[in-house]
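User: I'm new to reading structures, so please go through this one with me in questions and answers.

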Amino acid sequence: MVHFAAVSSPDVRPSSPLPATNSSPAQSGRSGGRRRRRGSASPYPSSPSLGGFETPPPPGRRTPSGAATSRQRQNWTGRFPPTPSTPMSTDDVPPSSEAGDEDTPETDGGGVDADAAPVFVWGTNISVQDVNAAILRFLRHFRDPRDAGRVDPVMDEGKYMRAIHRILELEGGESLDVDAHDLFDHDPDLYGKMVRYPLEVLAIFDIVLMDLVARIEPLFEKHIQTRIYNLKSSVCLRNLNPSDIEKMVSIKGMIIRCSSVIPELKEAVFRCLVCGFYSEPVMVDRGRVTEPHICQKEQCKATNSMTLVHNRCRFADKQIIKLQETPDEIPEGGTPHTVSVLMHDKLVDAGKPGDRVEITGIYRAMTIRIGPTQRTVKSIFKTYIDCLHIKKTDKSRLHIEDSMGTDNPDANKTAEDVSLGDKVEKLKELSKLPDIYDRLTRSLAPNIWELDDVKRGLLCQLFGGNPLRLPSGANFRGDINILLVGDPGTSKSQLLQYMHKLSPRGIYTSGRGSSAVGLTAYVAKDPETGETVLESGALVLSDKGVCCIDEFDKMSDNARSMLHEVMEQQTVSIAKAGIIASLNARTSVLACANPTESRYNPRLSVIDNIHLAPTLLSRFDLIYLILDKADEQTDRRLAKHIVSLHFENPNIEEIEALDLPTLVAYISYARKYIQPRLSDEAAEELTRGYVEMRKRGNNPGSRKKVITATARQIESLIRLSEALARMRFSEVVEVRDVVEAFRLLEVAMQQSATDHATGTIDMDLIMTGVSASERLRRDNLVAATRNLVMEKMQLGGASVRMIELLEELRKQSSMEIHLHDLRSALGTLMTEGAVVIHGDSVKRV
Amino acid sequence: MVGPQYDLVGNPLGAVRATFERAAEAAAAESGGREPVAAFRGKDWGANEVFRSFLFEQGGLDKVPVLDASNLGLIKPNTLVRFRGMVQDMLGNEYYVGAFKDGSTWRTNKFSDFSPFSIPHPCDSHLWERHLFHCVPVPGQNSWTRESSPGPDVCTMSICLTPEQREKRKRGADNDAMDVSENGNVEASSSSKKPKDDDAHNSNSSPEVSMNKEHIPEMNGVDHHIPGSSFSCLVKVYDMPESQVKLNDVAEFIGVYTFDPELAAPTDNSDDIMFDLIEDVTAQLPPSKVPRLHCLVRRKLSAHDFLSKPPTAEPSPILLKSIRQSLLSHLTLVLGKDELAAQCLLLHLLSRLLNKVDVVTVGRLSLNFTGFNRESASIFGNQINNLIQRLLPYSQAIPLSIEYLNTATLQPRKDNKSGRLITGVLQLPQGTHLTFDETLLQSGSLTSKGVENTMLLKNLMESQMVEYDFEYYKLEMATDIQLLTLSEGKSNILLSDLIVPFRPSCVPGVNASAEELESWRWYLATVRSLPQSTESETYQMIQDEMVSAMRDDRSLGCSELSRWLTMAQIMASSFGENSLSIEHWQMVKELERLRKERLQ
């Protein structure tokens, strides 16, 4: 056995780290047996933790499939105790009487032998018989609660019995996957034992399984392995520590390196050079083969005549992979940890570098030998994981597999669902919050000040509407395009950067540096083969994502015109020599631009300020004018914000917001699984509102200076309301969604502030990015002012100075009121036709 | 308490073991013989205390030699040494037999690679863990910092190796070198890379190097960015959560230096083809080149720790003010009597990262001096670099040329084959000062590497983050680096917070005395660590000020106001004040006014 102090017994071969990991099944059984035996007889009771690595016993399950193995197995299962004379007994001679004794439970076919004295796994309180019986019970009787409702003729058998039958029928499977959750549900005690003493319990598991198989199908030759997966708790790679050694662990990580497949000798066959006699297969014992000294043939008996016959030997595959922590588990200022994982047989090449996997295995440590000739071992251990089961987890991020398209929304709903289970529950809980809309708004770029309505629009873009494909082949996009036009220094670029970070497959380009082909696609000649190849540009690359284009106004007209097709048809068509292609570009475009005269000119109309082709403009669902308007309120808030960044301000209110990963998960879940449909009431509201908008646009004085409602806009509204419903994880678009969509659209164009007569914006009316609470405050103020006017002033009576009104109001209410606030409140009243303002005086009409 | 019976410097392990055996006996007596040492896992049993009191209370620190490239091989193994360095890579954990029962006594292997007693078989033992850190001399560490805490001369000490020992040791090293060239492809690749880097280094920074040869030893170059070519140390740290040490931390490790020729012997390769993957990375760090240090005492170093003699005086505002004055006048002279530039440079030198909210960083103040051309950059630039080198513990000057951008390895990269982090120029400890000379930049085309490097620099400027390449993903590491750019016009590649047109009126030609330098260093270190507290009236006052400023100038944005506040805060602390007051705000406004005048 491997002891790190092999020094003291010079006869023992220097222990190599190798055998501990890959010895033959025979030994595994035997070593397990010896350990057990020693437990009952050992004069020195040792600590269990020590026993763990003092004798790294090969797990029974390291057994490769093959004739020899099953033969060996049948020794166990076929009711014959292993005879000491079997060729694999290269180890010290086991006392056969005890061997028989310890084999009793196994030969009993897993049943509990009442007569036999209880046999315990060495150093533990695990009774072999009990475990044996428990496993058998589990395999026979476990029924998946999820199957309970299903009517199935095979249902009278348990889940794993069916699995075993399937393996037998197909004759292909060599392993039985056992969900540790099932095991836990059925028998928590057994689960606990398995996790704490995996080597012993799994060895028994295999034996029970083989015995079971032998009963059903006595002729079944292959060895079936038990593969445990889905442990109750998985350890962070970083938190593995010495107490985990020899325990079953489950860790997540990324494969960073795979070794080549290593063929490992399992059984060696020797031939006598003198007489040509082939020896019995010799089992490899801890990485070493004992060459027979004498030819075993009676007539020959030549010494030192045996030679290895390579092509008669049996090999097994082995591979070592390196697993590294995934980025999300690395604490700040740390580097990722790695661990080696040993893979055998079928698990070889199950993962490639770059894959994210969850590995269930046994954490092990082995001593390091100093040199081939030295017997001393260092006091240092190397650790690795003996892999039992490997599962590829979902792609690097939740949101990559985003099926925004209509192609097959249900296709990939299978495996990932399970692993995301509790995450999804959390998201669903979030979605039920009444203020989720505001909360999401706050969470989007929390460090960018104000601009709440712009953020709402951007949220809609992230969530997106439903794409629709009619049977006729007509395609309606679900992506929402947004244009931000605004004064310099209004943090447009920062918003863009943030969106780029947040969106799946976001691409960020600057208009000045982008050419038409760079955005769409271009044809290039492959320098080696001379073939023409298509190279994707930014828009194609951001398929199903958001393409952020900064400095849209500085883009060349040519490049901009390329966007027409992308933004409505969502494809990029190429017709060049040799290649005619149409590429998908189902992307949302988020562009930002400065007004034509770099600052917004209030004397010009909105259209003149933006100065983009109306054809292109109409393809944007939302066009935000972010205007920097002198407003002491906003300035003050900005100042406060800056100050709070610099100082640990105790009285800054804690905003409840989602952190970035949650937000990303929330969005991608909604995009993937929520496909809202319009309710009838919502549809009605939509029609009504649209008709109203059309009327407004057709104002006789408008002279086409206002952006009027078009059919495109009703599509936009549908998309927006769908996105809004998605934010609540609601499958139905309700009236409130439609109302909010209308509001967003109006706010976006500052339409409430647009003078329809001239097409210009009344700067005093702009309420850019006024937060909900602020709006409420202003509403209250308007109401208060109205009451005051009604009370104090006569209809058509003398005019009152504004200052007087202000003082009057201040007396009445507890809140702080500025003259500016009052002025805007009165402005609202004036539009209602309640008062008339002349300079500083107010008159009721 | 009786004094230590052991020579703690010459035989630290003796003390460790003695304390352990005593503690184990006591524990055994207490628990009645059951698992007496289990409680010692991940804990100290009193050895640490012995060393701490020896080092810090009894002045033993001065007796401990400093381990560096020059005396590596002279120091006797298993003695106490000191090492100052930056954590360049974290190599994970190592499990070892921490305690084992030898007959009836418990023994420990803590703080050593080898067991002094053969471990009997079978025996009770405990497996403990320790953390491995690969430490290198701090990149860009300036020479003055080394004078601060010299260790005793190794050769005069009793712990020095005898000649024959040295001979033997040398042979071991030779074997080792051979071994490495045979199977270490890392070393091979790095040596193939070496000439290129050397070229870049020579061609770009040679004027500077030749100018102040006596001040800059080779350490200040880019040599340390080639793995294996320079001195490094493998530090094994015990008894602490790993999160306590962060990548790029600068710390002093005091511990047991071990060297075991047996460890250096080649590991058998016969049946280990498959085990090269399990092979830990330490195998590539041959013990003869990379000494092992079993850390007993560890302390994080700040700029203060590099000052040669900590002044006894309290940082009173009066004292600080006078030093500020002398430093400012010196800066003015160095900058050719450009007082505005000197003021800005002072603020820049005092800036530090205070807070980071998402992408917004607070407290940094990167500076861009414009109006340089090649000639003036060579005169003033060198003066500035020279001064900074003598004032700050770590600084580097990077010549920003097309060639440099296209060839230099700025980004640290994880080599998953060797499992090591290959360092890049931007792997720097917190508080490093970088000077970019953009006057060398001419029009030309960047290769993809050049573009990547530019993006890295830009990211560093904007968000104080450096992206490390982990092959399958990138990981952003937070940094706190002061960035100064010298350029002809406003640098558009490296967008600084503060752009100051440089207007010198005379040629610099001043030299500072050693005492002056000393006091300035102390001043910079002290002011940067001054705590800031502000009363709520000040908040209000500043908010009002900002609102009025915005009313006056609509073009003021969030970033500018934020910068003003940063400058005002630094201004306040530069006078030794704990809290910001209106005068400082006014001073900053005045400074800004002057600066804006120049910009027009």
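User: At 24% relative accessibility, what does Glu551(A) count as?

Analyst: Glu551(A) has a relative accessibility of 24%. Before we judge that, this is a predicted model in which local features need pLDDT of at least 70 and side-chain atom pairs count only at pLDDT 80 or more, while totals for chains, interfaces and linings use all residues; side-chain values use heavy atoms, with hydrogens and water left out. Residues are numbered from 1 along each chain as its sequence is written, chains are lettered from A and ligands numbered from 1 in the order in which they are written. Buried means under 20% relative accessible area, exposed over 50%, and partly exposed in between (1.4 Å probe, protein chains only), so Glu551(A) counts as partly exposed.

User: And what is the phi of Glu551(A)?

Analyst: Glu551(A) is in the loop between strand 18 (546–550) and helix 17 (557–569) of chain A. Helices (H or I, at least four residues) and strands (E, at least two) are DSSP runs, numbered from the N terminus. Glu551(A) isn't a glycine, yet its phi is positive, at about 50°.

User: Is Glu246(A) buried or exposed?

Analyst: Glu246(A) has a positive phi too, near 70°, and is not a glycine. You'll find Glu246(A) in the loop between strand 2 (225–229) and strand 3 (248–258) of chain A. With a relative accessible area of 8%, Glu246(A) is buried.

User: Which residues does Pro292(A) touch, leaving out those up to four places away in sequence?

Analyst: Pro292(A) is in the loop between strand 6 (282–283) and strand 7 (306–308) of chain A, and it's buried, with a relative accessible area of 14%. Its C-alpha lies 9.1 Å from that of Thr307(A), 15 residues away in sequence. Contact means heavy atoms within 4.5 Å. Leaving out residues up to four places away, Pro292(A) touches Phe270(A) and Met306(A).

User: What is the bridge partner of Val835(A) in strand 27 of chain A?

Analyst: Two strands pair if DSSP finds at least two bridges between them. Strand 26 and strand 27 (residues 841–844) of chain A run antiparallel and are joined by 4 bridges. In strand 27 of chain A, the partner of Val835(A) is Arg844(A).

User: How many residues of strand 3 of chain B are buried?

Analyst: Strand 3 (residues 125–136) of chain B pairs antiparallel with strand 1 (residues 79–102) of chain B over 11 bridges, and there Asn93(B) stands opposite His131(B). Strand 3 of chain B also pairs antiparallel with strand 4 (residues 233–237) of chain B over 5 bridges, where His131(B) stands opposite Val237(B). Strand 3 of chain B is largely enclosed by the rest of the structure, because the buried residues among its 12 number 11.

User: What is the distance, centre to centre, between Tyr666(A) and Phe729(A)?

Analyst: Rings of Phe, Tyr and Trp (its six-membered ring) pair if their centres lie within 6.5 Å; planes under 30 degrees apart count as stacked, over 60 as edge-to-face and the rest as tilted. That rule gives 15 aromatic pairs over all chains. Tyr666(A) and Phe729(A) form a stacked pair, with 20° between the planes and a centre-to-centre distance of 4.6 Å.

User: How many residues apart in sequence are the parts that this pair ties together?

Analyst: Tyr666(A) lies in helix 21 (residues 660–673) of chain A, and Phe729(A) in the loop between helix 23 (711–727) and strand 24 (732–733) of chain A. Both Tyr666(A) and Phe729(A) are buried. The pair therefore ties together parts whose separation in sequence is 63 residues.

User: What is the angle between the planes of Trp564(B) and Trp585(B)?

Analyst: Trp564(B) is buried at 7% relative accessible area, and Trp585(B) is buried at 0%. Their edge-to-face pair has its centres 6.0 Å apart, and the angle between the planes is 65°.
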